[in-house]
Amino acid sequence: MSAEKHTVLITGASGGMGRAMVRSFAEAGYQVAVHYHVNREGAEIAVEEARRAGVGARSYQADVSVAEEVRLMAAKIHAEMGEITRLVNNAGYSQEKLFTDIQDAEWEHMFAVHVHGAFYCCQAVIPAMIRRKEGAIVNISSICGQTGASCEVHYSAAKAAMDGMTKALAKELGPSGIRVNSIAPGVIDTKMNQRYGKDVLSGLAEETALGRLGLPEEVADLAVFLSGSGASFITGQVIGVNGGFSL
């Protein structure tokens, strides 16, 4: 199946990392379903960027932590763009907080968005993938899920859970020709990470073997590769894109 016949759903596609994903998949010839939660303007900009690359693109609103909203979104994409053949679970956020200060609702919401959201999106697209005996899912986790991050215990735990889901799903879905992988970015130059400030980011760049921060496009291009035929024998892997921050 050529890329032109694929429809990829990218969650959290209205921000920096997500919009880079949209551009990279569009440039590779995929139709793109651009998911957003609240940033409609960013999603529409991403749609226009994809269309300029000559592919079909539409935006879809949903709270991925709510199962019914995800099911309705998937059904609408199917009706308007065809079956979803590729899925990138990118929706997420981070929060810095001392472990002893994390509230129950904050812990639950962190898992609801990252883990439950990926679960609901996978459940929405996997039946059709099984029927076709073909498909690819890419979960965007984090280096924090591998190494842990001080003052981000809930974020680190949620991302580690995504990696566990990746490995288990890869084993379960492999016989159906469906590949599931995780990308674990290091420190990427995105709006979300700007909250650390220039001094902290400069220090993190110095701790990185390549001496700089990563670019959203470097993560996005790997997601495209893992979704394509060039990665046909890669599944169940957690691949770091961290410039040697963690070796």
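Mentor: The discussion below sets the computed values against their definitions. This is a predicted model, in which local features need pLDDT of at least 70, side-chain atom pairs count only at pLDDT 80 or more, and totals for chains, interfaces and linings use all residues. Residues are numbered from 1 along each chain as its sequence is written, and side-chain values use heavy atoms, with hydrogens and water left out.

Trainee: Why is Ser156 called buried?

Mentor: Buried means under 20% relative accessible area, exposed over 50%, and partly exposed in between, with a 1.4 Å probe and protein chains only. Ser156 has 8% relative accessibility, and therefore counts as buried. Ser156 is found in helix α6.

Trainee: Which residues does Ser156 touch?

Mentor: Leaving aside residues up to four places away in sequence, Ser156 touches Cys144, Gly145, Gly148 and Ala149. Contact means heavy atoms within 4.5 Å.

Trainee: What makes the contact of α3 with α4 nonpolar?

Mentor: Ala67, Val70 and Ala74 of α3 meet Tyr120, Cys121 and Ala124 of α4. Ala, Val, Leu, Ile, Met, Phe, Trp, Tyr, Cys and Pro count as nonpolar, Asp, Glu, Lys and Arg as charged, and the others, Gly among them, as polar. The residues of this contact accordingly divide into 6 nonpolar, no polar and no charged.

Trainee: What is called a nonpolar core?

Mentor: The term denotes a set of buried Ala, Val, Leu, Ile, Met, Phe, Trp, Tyr and Cys residues joined through side-chain atoms within 4.5 Å. The largest such core has 36 residues, including Leu9 and Ile77. α4 gives the most to this core, with 10 residues. A second, separate core of 32 residues includes Tyr36 and Val219.

Methods: Helices (H or I, at least four residues) and strands (E, at least two) are DSSP runs, numbered from the N terminus.
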